[in-house]
Amino acid sequence: MFGLFSKKKKPQTALDEFIFVMYGNPPPAKRANVGQAVDIANELLLGVIDRKEIGRQAIALNEGSIPYSTHDLALSVALNFFKIPENTPKLFEAQLLARLKTIDWLEKGLVAPMLVRSFEGVLYKIYKPG
């Protein structure tokens with residue numbers, strides 16, 4: 001009530017600052033469903049990347065400090081694979097569809113806006129038209 005009971009934390013690290021900017025202060029509790037995030041990331045990547053690799057990446061990211069939603073985690077996992085240079089040719093079609101899908105998710109409030117901007121910025125640089 002009137003901010004008297006809010007429990008804002010002071011950032012201890014640059015990662016804390018990033019989390020507060022992206023998710024608020026205090027940030028929400030971890031809430032990603034890793035299995036579902038793997039399924040979504042696999043869809044974003046059009047099944048081109050080995051599902052076990054997607055799973056390993058999802059688990060590793062989810063074990064970190066960022067309180068991903070399921071869709072945020074899926075987007076972050078997919079982005080890691082889109083950024084690998086040897087994947088660029090085989091993921092060209094996938095990145096186009098993924099970029100469209102993230103706009104839909106953004107409109108539905110399923111992903112953090114800053115994450116979508118970052119995703120779009122990185123993919124534009126990697127996959128920009130010749």
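**Before you start**

This is a predicted model, where local features need pLDDT of at least 70 and side-chain atom pairs count only at pLDDT 80 or more, while totals for chains, interfaces and linings use all residues. Residues are numbered from 1 along each chain as its sequence is written, and side-chain values use heavy atoms, with hydrogens and water left out.

**Stop 1: the whole chain**

Show the chain as a cartoon. How many helices and strands are there in the chain? There are 6 helices and 0 strands. Read from the N terminus, the elements run α-α-α-α-α-α. Helices (H or I, at least four residues) and strands (E, at least two) are DSSP runs, numbered from the N terminus.

Now switch to C-alpha atoms. They fill a box of roughly 55 × 30 × 30 Å, taken along the principal axes.

The chain exposes about 7,900 Å², and carbon and sulfur atoms supply 59% of that. Such areas come from the Shrake-Rupley method with a 1.4 Å probe; for residues, only the protein chains shown count as cover. Of the 130 residues, 37% are buried. Buried means under 20% relative accessible area, exposed means over 50%, and partly exposed is in between (1.4 Å probe, protein chains only).

Contacts come next. A contact means heavy atoms within 4.5 Å. Among contacts in the chain with a separation of 6 or more, 69% are between residues 24 or more positions apart.

**Stop 2: helix 4**

Select residues 70-82. This is helix 4, and it has 13 residues.

Why is helix 4 largely enclosed by the rest of the structure? Because 12 of its 13 residues are buried.

**Stop 3: Thr70**

Stay in helix 4 and select Thr70. Thr70 counts as buried, because its relative accessibility is 11%. A polar atom of its side chain lies 2.9 Å from the backbone nitrogen of Asn33. Leaving out residues up to four places away in sequence, Thr70 touches Arg31, Ala32, Asn33, Gln36, Ala37 and Ile40.

**Stop 4: Ile66**

Step back to the loop between helix 3 and helix 4, and select Ile66. Is Ile66 buried or exposed? Ile66 is buried, with a relative accessible area of 15%. Beyond its neighbours within four places in sequence, Ile66 is in contact with Leu15, Phe18, Ile19, Tyr23 and Lys30. Check the pair Ile66 and Tyr23: they are 43 residues apart along the chain, and their C-alpha atoms are separated by 8.9 Å.

**Stop 5: two backbone details**

Most residues other than glycine have a negative phi, and most peptide bonds are trans.

Select Asn25 and Pro26. A cis peptide bond joins them, with omega about 5 degrees. Pro26 sits in the loop between helix 1 and helix 2.

Then select Leu46, in the loop between helix 2 and helix 3. Its phi is near 55 degrees, a positive value in a residue other than glycine. Leu46 counts as partly exposed, because its relative accessibility is 40%.

**Stop 6: Val48**

Val48 is also in the loop between helix 2 and helix 3. At 34% relative accessibility, Val48 counts as partly exposed. Which residues does Val48 touch, not counting those up to four places away in sequence? Lys90 and Leu91.

**Stop 7: Gln95**

Finish in helix 5 (residues 92-107), where you select Gln95. Gln95 is buried, with a relative accessible area of 1%. A polar contact of 2.8 Å joins its side chain to that of Arg99. A polar contact is a pair of N or O atoms within 3.5 Å; within protein, one must be able to donate a hydrogen and the other to accept it, and residues adjacent in sequence count only if both atoms are side-chain atoms. Not counting residues up to four places away in sequence, Gln95 touches Phe82, Leu123 and Tyr127.

Terms used
Expected span 1.5 Å × (residues − 1).
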